[in-house]
Amino acid sequence: IEQLVEINNEIDFVRGLPASNQKKENRNSITFYNHLDTESLFKKIDEAEIVITRSGYTSVMELLPLSKKCIFIPTPGQAEQEYLAKFHMQSGRALYFAQNKFSLKTAISQGKNQVFHRENGWPASQLPHIIKNWLNNIKA
């Protein structure tokens, strides 16, 4: 949070606390959410220039096909997350930073300048259409 305050961009921070209420809190240009439902979360992802997240299997599998710029910060001690983050950085699909060496300014700077490899991803221009179709299918 200390690093977030130093960034002059609009930031949505989703804590991922589904058991808590839908609390929303604003501080400067940062909006904190305890939890977002699926539709709201995908809408935020669609709007994001860069997504910074843990590199859990589900997050990786949901984000990479969307052709979003992803920065993975594995949970310390989680070998699977560390492996996935390193693997996708080596393949050019995402950036990886260890939590203990993480600098938000550096990550954002590198993320904005990085050309991400998207061999099997959908074109970013198709993202709104893909998300709308996906959301319509889960509502049905």
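**From a facing pair to the whole chain**

The model is a predicted one, in which local features need pLDDT of at least 70 and side-chain atom pairs count only at pLDDT 80 or more, while totals for chains, interfaces and linings use all residues. Residues are numbered from 1 along each chain as its sequence is written, and side-chain values use heavy atoms, with hydrogens and water left out.

The secondary structure of the protein chain comes to six helices and six strands, where helices (H or I, at least four residues) and strands (E, at least two) are DSSP runs numbered from the N terminus. Followed along the sequence, these elements give the pattern α-β-β-β-α-β-α-β-α-β-α-α. Of the 140 residues of the protein chain, 33% count as buried; buried means under 20% relative accessible area, exposed means over 50%, and partly exposed covers what lies in between, with a 1.4 Å probe and protein chains only. Among contacts (heavy atoms within 4.5 Å) between residues at least 6 apart in sequence, 44% join residues at least 24 apart.

Returning to the sheet, the strands S4, S5 and S6 form an open sheet in the order S4-S5-S6, with parallel pairing. Strand S4 (50–53) and strand S6 (95–96) stand at the edges, and because each has a single partner strand, one side of each is left without a neighbour in the sheet. Two strands are taken to pair if DSSP finds at least two bridges between them: strand S5 (residues 69–72) and S6 pair in the parallel sense over two bridges, and S4 and S5 do so over four bridges. The chain crosses from S4 through helix H3 (residues 57–63) to S5 in a β-α-β crossover that is right-handed, a term which means that, with the strands pointing away from the viewer, the path from the first strand over the helix to the second runs clockwise. Within S5, Phe72 is also the bridge partner of Thr53.

Two asparagines in loops deserve a separate look. Asn28 lies in the loop between strand S2 (24–27) and strand S3 (30–33), where it has a positive phi of about 55° although it is not a glycine, and at 71% relative accessibility it counts as exposed. Asn34, found in the loop between S3 and helix H2 (38–47), is buried, with a relative accessible area of 7%. The side chains of Asn34 and Arg15 are joined by a polar contact of 3.1 Å, that is, a pair of N or O atoms within 3.5 Å, of which, within protein, one must be able to donate a hydrogen and the other to accept it, and residues adjacent in sequence count only if both atoms are side-chain atoms.

The aromatic side chains complete the picture. Rings of Phe, Tyr and Trp (its six-membered ring) pair if their centres lie within 6.5 Å, and planes under 30 degrees apart count as stacked, over 60 as edge-to-face and the rest as tilted; by this rule the count comes to three aromatic pairs. The rings of Phe13 and Phe32 have their centres 5.4 Å apart and their planes at 50°, so this pair is tilted. Because Phe13 lies in strand S1 (residues 11–14) and Phe32 in strand S3, the pair ties together parts that are 19 residues apart in sequence. Phe13 is partly exposed, with a relative accessible area of 32%, whereas Phe32 counts as buried at 0% relative accessibility. Phe97 and Phe102 form an edge-to-face pair, 5.9 Å centre to centre with 80° between the planes, and both residues are buried.
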